[in-house]
Structures are given as structure tokens and as C-alpha cells.
Amino acid sequence: MSKPVIATTSLAGCFGCHMSILDIDERILQLIELVEFNKSPIDDIKTFTKPVDIGIIEGGCCNSENVEVLRSFRKNCKILISLGECAIMGGLPALRNGIPIEECLHEAYIGGPTVQLNKDHILPNDDELPMLLDRVYPCHEIVKIDYFLPGCAPRADLIWDALVALITGDPLKLPYEVVKFD
Amino acid sequence: MSNLIKFKIDSKECMAEKGTFIVDAARENGIYIPTLCNMPGVKPKGSCRICTVRINGRLMTSCTTPVADGMEIESNVADLQNLRKSIVELMFVSGNHFCPSCEKSGNCELQALGYLYQMLVPRFPYDFPIRKIDATSPKIIKDQNRCIQCKRCIKTIKDEQGRSLFAFRNRGHRLEVVLDQELGHLMTEELADLAMKNCPVGSIIKKEIGFNTAIGNRKFDHHAIGSEITL
């Protein structure tokens, strides 16, 4: 039987959840025995090259590109996991929810106390740039998500145990220490 | 003559003094029933419903219902656990609870109940309401994003003349707990400490001490809420 295939991505996240995946330490050697990685920042494969069994999503959706990537993950992955607070509830980027986009952009590019070089008061508006959404959306409000692993970042043991449980089909144990929201 | 009466919680034989509220009687018998709006020494009002138990097929708040002789109480059963979990989830989605950036994280009772019921994701959509933060007091910050309107601060935080520093403002979905501007400025260090301690969430935060306890040393990092009660 061929190995299960895993893909990962970071949407509106900080890559902390990916750091936490690496935080499984030497078990990463076991992981590459157990699974094969496809599209992921870990191996730098940019596009899906085959059907994927488990897609791991870090970060929520703050712009049009996030939505597109998330939808392509849903299309190409049998199982999708929301990994971390940002994927689950928007996380820190969602602190902007409730603040109008115009105000956010003004603060970032025109009126903010650290803005000095933008003398012409230009707001980023290139066709190449993804459009910001009106607010930051949890991933499960955009596509169906099958499993949720909370934490900021999720504990490495939680990620490891969840992946092993998914691959082996054994039930996932959730000890008190691994389910945390911070 | 003794006032002790017998009753059962989840088939376990218990004893308590007549008139004791179920939640207190359970605690005396080593059984934890979760609470949020209720706290020792304060008259219960049964508003958060997290302590809901079932007696004779009816749902009752155990913080406001006294035990009776021969009473049979259901508490730690699957459907009630699920009901309590749904209340926690509703509280999470109806406010703006950003645990990763909250100073109360690790010491927060709402978060601890999320851990107890292993809330991986709320089953309800996030509301992301627009709420204000009042940082005018020199001692504390009152953050409406995190307030669950339990009224614990209103009932327990009073000055020397017995005046409450906090009060309800507006009604219905506009209801909020606000700090009296004048009394907020006169607030003592001790009262600010107590206000932060009595707030079950991170709505009352003392200034200049944020994140002073390392992750791993906080109240609910290793021990679940109520684990000190459970025998």
C-alpha cells in the first residue's frame, strides 16, 4: 500500500503552526517513513501533483488568495484539518474584524505612527495583489473542514497524535495538557 | 437534632445540611459542578446556566436550588455535559475571545471550561461583535469584548462606603457591565487586584502586570478546573 499523502499551507497565519509541526523533533524521521508530503512549504512543492489524503491548513482567510488556496485544498484533499486558532476562529488577524477596511489601510499605509516613506499616500492597489476581504473568516466558514486542532501554536504532541491516529485509524486520545487555546 | 439530609448525585449517596444549594452540597461531597456567574460568598442568581442539573426530569440551576431530602440529581451525564459545552461555545462566539493575546489566558475560567469539555471548535458561527474597551481608570482596563455579564464584579467590588464600582448599562442585547468613571479613578490597588481575580474571564485586567506568569505556571495549565474538588 502506498503511503498516505499530506499537503500543508499557511493562509493568514504566522507559520507558527508549521514551526509546531517541526517541533515533533526526531519523530519527523518517523513521519517521513509514515507519509509522503505533496504541496507544502516544508518541501517547497508549489502545486498539487497527485490526490492528497490529509490537508493541513494553518491560518484563516483574510484575502482572495487565501480563499482560492483553501478551495483548492478542499478539492484536492480527502481530509482537511484546521490547525491552530487562526484557522479555527481567525486568530489575531481577526482582531481587525469590526474595523472598516479603509480604516485598516489608512492606519497601515498613511496615518500610522511608523509610516514615514509613503509621502504620496499611496494605498496598495495592483492587479497582482490579492483583494482584502471585508473581515477575516475562519476556514470552516469557507469550506467544509473535517477536524480541528486548537492552540497557538497547537502542541507538537497534539499534531503528532492526531496524524498518527488518522493514519493508523486508532482513536485519538486528548490528554488535558495538549488541548490549549494559547 | 442534626439537620443533615441524604440525597443522590449521579447515584452517589451524598449528605449535606438542609438548605444548602446543590452546587455547594456537591462540592462538600467531592463532586464538581461547573459554575461561572456563581462564586462563594455571593448570593447566587443562576444566570449563566452552566451549573444546570436535572432533577425529576427537569433542568434546574444547581447554584440556586437547595438540596431536599431524598433528591436524585443528574449532573455528570452525557447530554448535560453537551448542554454545558454548548453554553461555553455560545459564550465564545458571542464575544471576541482571542485567547492567544489575552492576559487572562491560562487563568480564565471560561477558557478552563473550554478545556474541560475539550471544545475544539464552537458549533455556532462566530459573531465578531463590535465592542469597546474602557482604559480610563489608572488601575484597570474594562474590555467589553471579553465580558460575559456574570455580574460578579458588580456584586463584589465596592468601595469603603459600599458603593459598587461596576454597574449594568442599557438593556437586552445592548446590556454591558461598565465601570463608574469617578470611582474607577479612585480605585485602590487592592480593589483592582480583587476585581481582576473575581472576573472569571479577561474583561477586567489590571494595568502594567500583563503576562507576568510564565506559560506552564498558570492556574489551568496542568490542572483542569474543578479537579481540586473531585475526589
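Which residue in β5(B) is the bridge partner of B:R54? The partner is B:E74. Before going further, note that this is a predicted model, in which local features need pLDDT of at least 70, side-chain atom pairs count only at pLDDT 80 or more, and totals for chains, interfaces and linings use all residues. Residues are numbered from 1 along each chain as its sequence is written, while chains are lettered from A and ligands numbered from 1 in the order in which they are written.

**First stop: the hairpin in chain B**

Select residues 52-55 and 58-61 of chain B, which are strands β3 and β4. Strands here are DSSP runs of E with at least two residues, helices are runs of H or I with at least four residues, and both are numbered from the N terminus. β3(B) and β4(B) run antiparallel and are joined by four bridges; two strands count as paired if DSSP finds at least two bridges between them. B:I55 faces B:R58 in β4(B) as its opposite residue. The two strands form a hairpin with two residues between them, and B:N56 in the turn has a positive phi of about 50°.

**Second stop: the two domains of chain B**

Colour residues 4-76 of chain B as domain 1 and residues 85-206 as domain 2; these bounds come from an automatic or database domain assignment. Their C-alpha centres lie 25 Å apart. Where the domains touch, domain 1 of chain B supplies ten residues and domain 2 of chain B supplies twelve, a contact being a pair of residues whose C-beta atoms, placed from the backbone, lie within 7 Å. On the domain 1 side there are seven nonpolar, one polar and two charged residues. In this classification Ala, Val, Leu, Ile, Met, Phe, Trp, Tyr, Cys and Pro are nonpolar, Asp, Glu, Lys and Arg are charged, and the others, Gly among them, are polar.

Within chain B, select the open sheet of three strands in the order β6-β7-β10, with antiparallel pairing. Its edge strands are β6 (133-134) and β10 (204-206), each of which pairs on one side only. Strand β7 (residues 140-143) of chain B is held to β10(B) by three bridges, and B:I140 has B:K206 as its bridge partner in β10(B). Next show helix α6 (residues 189-198) of chain B, which lies across β7 and β10 and runs at about 135° to β10(B). Such angles run from 0 to 180 degrees between N-to-C directions, with axes fitted to C-alpha atoms, for helices over the stretch in contact.

Is B:I140 buried or exposed? B:I140 counts as buried because it has 26 C-beta neighbours inside 10 Å; a residue is buried with 20 or more other C-beta atoms within 10 Å of its own, exposed with 12 or fewer, and partly exposed in between, the C-beta atoms being placed from the backbone. Beyond four places away in sequence, the residues that B:I140 touches include B:A192, B:A195 and B:M196. B:D193 is 53 residues from B:I140 in sequence, with 9.0 Å between their C-alpha atoms.

Switch to chain A, which has six helices and seven strands. Five of the strands form an open sheet in the order β2-β1-β3-β5-β7, with parallel pairing. β2 (36-37) and β7 (147-149) of chain A stand at the edges with a single partner strand each, so one side of each has no neighbour in the sheet. Strands β1 (residues 5-10) and β3 (residues 52-58) of chain A are parallel and share five bridges, and A:A7 has A:G55 as its bridge partner in β3(A). Helix α3 (residues 64-76) of chain A packs on this sheet, touching β1, β3 and β5 (77-83), and makes about 135° with β5(A). Helix α6 (residues 156-168) of chain A lies across β3, β5 and β7, at about 155° to β7(A).

**Last stop: where the chains meet**

Show both chains together. Their contact takes 22 residues from chain A and 18 residues from chain B. The chain B side divides into eleven nonpolar, seven polar and no charged residues.

Key. Contact = placed C-beta atoms within 7 Å.
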